[in-house]
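The sequence and coordinates are shown first, and the discussion follows.

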Amino acid sequence: MSVATFVSSRWFVAALFVVITFADLVTARGQSLGALFSILPVLVAVNGGRRAVVAAGAVGVVLAALLSWYNHDAGQARFFARFIAVVGATGLGLVLQAVRVDRETRLARAQRIADVVQRALLPVPPHRVGPFDVAATYASAAHDAQVGGDLYDVVDTGSGLRAVIGDVRGKGLPAVRISGGALGVFRAVGHDERNLPLIAHRMEYSVLREAGPEDFVTVLLVEVTTGGRCTLLSYGHPPPLVRNVAGEVREAPVAAHPPIGLGLLRDPAPEDRGGGEYGAAGGPGDSGVVSATDPAIDPLAGAPGGTPARTTELILAPGDELLLVTDGALEARNAAGEFYPLAPRYAACLGPDDPPAEVLAALNADMRVYCGGELDDDSALVLLRYTPPLPGERSSSAGAGAVPPR
């Protein structure tokens, strides 16, 4: 309970009525403290309704009159001064209460709009995408905000999935605009763009259109194809955590690339984009898969000082989990300034038999307890649990062609 809520609660106000009355009775007669009752209607106005404010003022007027009679100054100038003070404070309390209600109404309307924006920008992902059970959560550091600069999404490619998680530098509406543009590009091309570096290149265009000279976005792209082969590509983003069915957690190694939005990705020539022999999705006799380190399609390869995009490949076993995070979870601190130990807490958080949504809920609750209930930065978590269909079962992506080995 906040201090403002406590001091305006009915029990605290009632206690003040008793304390002021008792203090007046034990002091020498002729020294009435009835004017102090004028404080109480204003305190009630902080959180109470109109009736509560009027009731506090009425009780104050009655007690002030009785104490004036007790102190033998009823009808004197001091009595009328106390009466005017309490009545005036009641009127002031009613004005403050009306202003507070108006602001709360506007805030509630803004929060409803923010909720709509949140659902449009970061909709709840399906519980099942390809061979994965999926869950995602987003927590804003701003107390009344529901949207921010963190972004994530998961799409079904037919032979598996592709996922993105990112963090826009900065906060507020500019960060929301940048993240919305980057997410829109991923949703448009994430299903069929032939590799992860080209998806990052398309996202770079969107960020450069919206971002300022010092803005950028850290991005982690994930692709999982048939057989649990997982490809990771990071542009300045923290690596994911991998947890197996035994509860062991390790950090997946990812190569370091600069964040997108810094203008380091060159604009490839039309033939580099697949307009020639490769084709947009692979020409005749071509599988449509090109090495991620091929300068012909790597947006970073031709940039000044750039290096070919280096991907990390993992083989996921059934039951393995990928936990994608933003730095809000990694940089959360307790009162002593110690960082939240995400890996060991994740290792001890529920188990493979619990739904991913419950795992994330428990992890978020543990993080807030560790940090004292407040986060210093926005935090997004995406949990992907690899649960391929058993032999004889039909996959949700059955009939789609698997990506050949690279």
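How many disulfides does the structure hold? The structure holds 0 disulfides, a disulfide being a pair of cysteine sulfur atoms within 2.5 Å.

This is a predicted model, in which local features need pLDDT of at least 70 and side-chain atom pairs count only at pLDDT 80 or more, while totals for chains, interfaces and linings use all residues. Residues are numbered from 1 along each chain as its sequence is written, and side-chain values use heavy atoms, with hydrogens and water left out.

**Overall composition**

The chain contains 11 helices and 11 strands; these are DSSP runs numbered from the N terminus, helices being H or I with at least four residues and strands E with at least two. Of the 406 residues in the chain, 45% are buried. Buried denotes under 20% relative accessible area, exposed over 50%, and partly exposed in between (1.4 Å probe, protein chains only). The chain exposes about 19400 Å², of which carbon and sulfur atoms supply 62%; accessible areas come from the Shrake-Rupley method with a 1.4 Å probe, and for residues only the protein chains shown count as cover. Among contacts with a separation of 6 or more, 71% are between residues 24 or more positions apart, where contact means heavy atoms within 4.5 Å.

Strand 11 (residues 379–386) is mostly covered, with 8 of its 8 residues buried. S379, L381, L383 and R385 point one way, and A380, V382, L384 and Y386 the other way. Two strands pair if DSSP finds at least two bridges between them. The pairings of strand 11 with two other strands are listed below.

| Strand paired with strand 11 | Sense | Bridges |
|---|---|---|
| Strand 2 (residues 132–139) | antiparallel | 8 bridges |
| Strand 10 (residues 321–325) | antiparallel | 5 bridges |

In strand 11, L381 is the bridge partner of T137, and L383 is that of L323.

**Individual buried residues**

T312 lies in strand 9 (residues 312–315) and is buried, with a relative accessible area of 14%. A polar atom of the T312 side chain lies 2.8 Å from the backbone oxygen of P253. Leaving aside neighbours within four places in sequence, T312 is in contact with C230, T231, L232, P253, V254 and A255.

C349 counts as buried because its relative accessibility is 7%, and C371 is buried with a relative accessible area of 11%.

Key: A polar contact is a pair of N or O atoms within 3.5 Å; within protein, one must be able to donate a hydrogen and the other to accept it, and residues adjacent in sequence count only if both atoms are side-chain atoms.
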